[in-house]
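Take a moment to look at the fold before reading on.

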Amino acid sequence: MNSARTVTRTVVRRLTRWGTASVLVGGMLALPRRTRGFGPQTLMWGAIDLALAAVTRGRNKVPQTQTLRRILLVNAALDVGYVAAGAHLAVRTPTFGERLQPADARGHGLAVVLQGRRCSSSI
């Protein structure tokens, strides 16, 4: 079995790569009207991923194996919620009182599904 240190390093590396890619792709897709929902959502998730990776990398103490297991299980459960919420947005396209266009709701939803799905499959 891998040590908590090895697993933590692997997760931080993957989170950094995914966060960087999400920020770059999300930034490029934030401007065109067609992808205005998907782009900003992807960019924001990428920024959060990079912040989490930086905080984790900056810590001197590696979590105990049991603590790390619990963190990863909670994260996996949250990912299920993200995918469900994103799918709801993508399929139902709520407008939130006309503040959001259906196409933008679909883009936001698909971005959330992608991020939630990615998180659970990369660990």
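How are H1 and H2 oriented to each other, roughly parallel or roughly antiparallel? Keep in mind that this is a predicted model.

Start with helix H1, which covers residues 4–29. It has 26 residues. At 1.5 Å a residue, H1 should span 38 Å.

Part of H1 is hidden. Its buried residues are Ala4, Thr8, Val12, Leu15, Gly19, Ser22 and Gly26.

Now bring in a partner. Two packed helices are described by the angle between their axes and the distance between the axes. Helix H2 runs over residues 38–58. The axes of H1 and H2 come within 7 Å. They cross at roughly 150 degrees. Angles over 145 degrees count as roughly antiparallel. H1 and H2 are therefore roughly antiparallel to each other. Their crossing is left-handed. The residues of this contact divide into 12 nonpolar, 11 polar and 2 charged.

Next, move along to the loop between helix H3 (65–92) and helix H4 (102–122). Phe96 sits in this loop. Phe96 is not a glycine, yet its phi is positive, at about 50 degrees. With a relative accessible area of 45%, Phe96 is partly exposed.

Glu98 is also placed in the loop between H3 and H4. Its phi is near 65 degrees, a positive value in a residue other than glycine. Is Glu98 buried or exposed? Glu98 is exposed, with a relative accessible area of 66%.

Conventions. Residues numbered from 1 in each chain as written. Predicted model: local features only at pLDDT ≥ 70, side-chain atom pairs only at ≥ 80, totals over all residues. Heavy atoms only, no water. Helix = DSSP H or I, 4+ residues; strand = E, 2+ residues; numbered from the N terminus. Expected span 1.5 Å × (residues − 1). Buried < 20%, exposed > 50% of the residue type's maximum accessible area, 1.4 Å probe, protein only. Axes fitted to C-alpha atoms, helices over the stretch in contact; angles between N-to-C directions. Parallel < 35°, antiparallel > 145°, perpendicular 65-115°, else oblique. Left-handed = near helix turned anticlockwise from the far one by under 90°. Nonpolar A, V, L, I, M, F, W, Y, C, P; charged D, E, K, R; others polar.
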